[in-house]
Amino acid sequence: MQIFSFDSNFISYPVELNPNSRLLDNGGNLAGVLDQLRDKEPEKFELLNQEVNRLLPEYDRILFDTPDTGQRSFLLRTTRGKHKVQAEDLSTGTLFALAILTLAYIPDHPPLICIEEPDHGIHPRLLRDLQDALYRLSYPESVGEKRDPIQIICTTHSPYFLDLFRDHPEEVVIASKKDGFVTFERLSERFDIESYKVMKVAILSESEVDEAFTRIIVSAILGEEIEKVEYPLRFRGWYGVLQLIPTVIKSLYYQTDAEAFAIVVDSDETLIHNPSHEQTIDSNCRLCQIKKVIEQPQNSLALIPNRSKIKTAVGLAVPAIEAWYQCGIDAPANRLATDLSDIEKLFPDGFGSFAQNIRGWKNS
């Protein structure tokens, strides 16, 4: 067993070269471990570099320096400008993230590893990647490694980190102190947690107003509140939405804990979707185009333990999303919907299939 309580000062220190370097409990000796990984396991070292760049895109490579005779230190090279940043100049979160990622790639581990607050100093958007690195240790077969699994025990006070395990409460143990005694209880045994489970959904439409209405519609279809997942990229209009979809799907899967992705676009003057398109995709139908664009990134996502692929639902508003909340633009239907069934009857393909897919999220 090894217990880690990382300290950024020790992580960044230069080390004496040693052919059998191991990571110390405080994260010290990281430079020696990385140097040894480069020499003895070059393929894994390259994979580690790729993972560092994905997790911390401002850096593209781990480099080494010899500050004194028989010593080794490490640096990170910036993606833009190729500047070398010394370990002691890196942030605490970056050093902690690098130490944890390195743990996932070095070959020899004890059967039990304990890490005190691995989320300390790490930006919330990176916590999913932190969880993935820990799962890599516990589920080696998921990444094609043939070795015994390692039991990982972490302590945390971070609600953001805990939230990543909401679908696996059996993996979380709550420690409570009362009257001088400490009790331990699995989160799965807390029957009051169900009320706190809220589906996390990303929404993409042609404007901010459309997204606000789509959020209301998605909540109404599910019959419960949702938490909207934000992503930094924003393009407006039909072509902007179409081009953005693959990037958003990958970003949601790798960098957030989003469960679902709802997309709604206007048909404008284009071909209206109909059931015959389910057999043969029509390139003139916007709904068909979106479904085709979604398929490629979904199929290329790498398997992450305990991470489901993003559930999707696509809606086509005819001729525009205003028709959904006015239930049509012709005189007989120019009124607000009294319930969702009104919209489904008037727009069975553009809205009906959208609603059906969303209702299926709970069962998938």
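This is a predicted model: local features need pLDDT of at least 70, side-chain atom pairs count only at pLDDT 80 or more; totals for chains, interfaces and linings use all residues.

**Strands, helices and a patch**

I began with a strand pair: β10 (residues 199–204) and β12 (residues 260–266) run parallel, and four bridges join them.

Which residue of β12 is the bridge partner of Ile203? I found Ala262 there.

Helix α8 (residues 238–255) goes across both β10 and β12, and its direction is at about 180° to β12. I also checked helix α9 (residues 286–300), which packs on the sheet and touches β12 and β13. The angle between α9 and β13 came out at about 165°.

Now the whole sheet. I traced four strands in the order β11-β10-β12-β13, with parallel pairing, and the sheet is open. Which strands stand at the edges? They are β11 (226–228) and β13 (311–317); each has a single partner strand, so one side of each has no neighbour in the sheet.

Last stop, the surface. I found a nonpolar patch of about 300 Å², made by Val173, Val182 and Phe184. I looked up Val182 in particular, and its place is in strand β9 (residues 181–186). Why does Val182 count as partly exposed? Its relative accessibility is 43%, and partly exposed covers what lies between the under 20% of buried and the over 50% of exposed. So I wrote Val182 down as partly exposed.

How values were computed: Residues are numbered from 1 along each chain as its sequence is written. Side-chain values use heavy atoms; hydrogens and water are left out. Patches are made of residues with over 30% relative accessible area and no salt bridge: like charges are joined within 9 Å, nonpolar side chains (Val, Leu, Ile, Met, Phe, Trp, Tyr) within 5 Å. Accessible areas come from the Shrake-Rupley method with a 1.4 Å probe; for residues, only the protein chains shown count as cover. A salt bridge is a side-chain nitrogen of Lys or Arg within 4 Å of a carboxyl oxygen of Asp or Glu. Helices (H or I, at least four residues) and strands (E, at least two) are DSSP runs, numbered from the N terminus. Buried means under 20% relative accessible area, exposed over 50%, partly exposed in between (1.4 Å probe, protein chains only). Two strands pair if DSSP finds at least two bridges between them. Contact means heavy atoms within 4.5 Å. Axes are lines fitted to C-alpha atoms, for helices over the stretch in contact, and angles run from 0 to 180 degrees between N-to-C directions.
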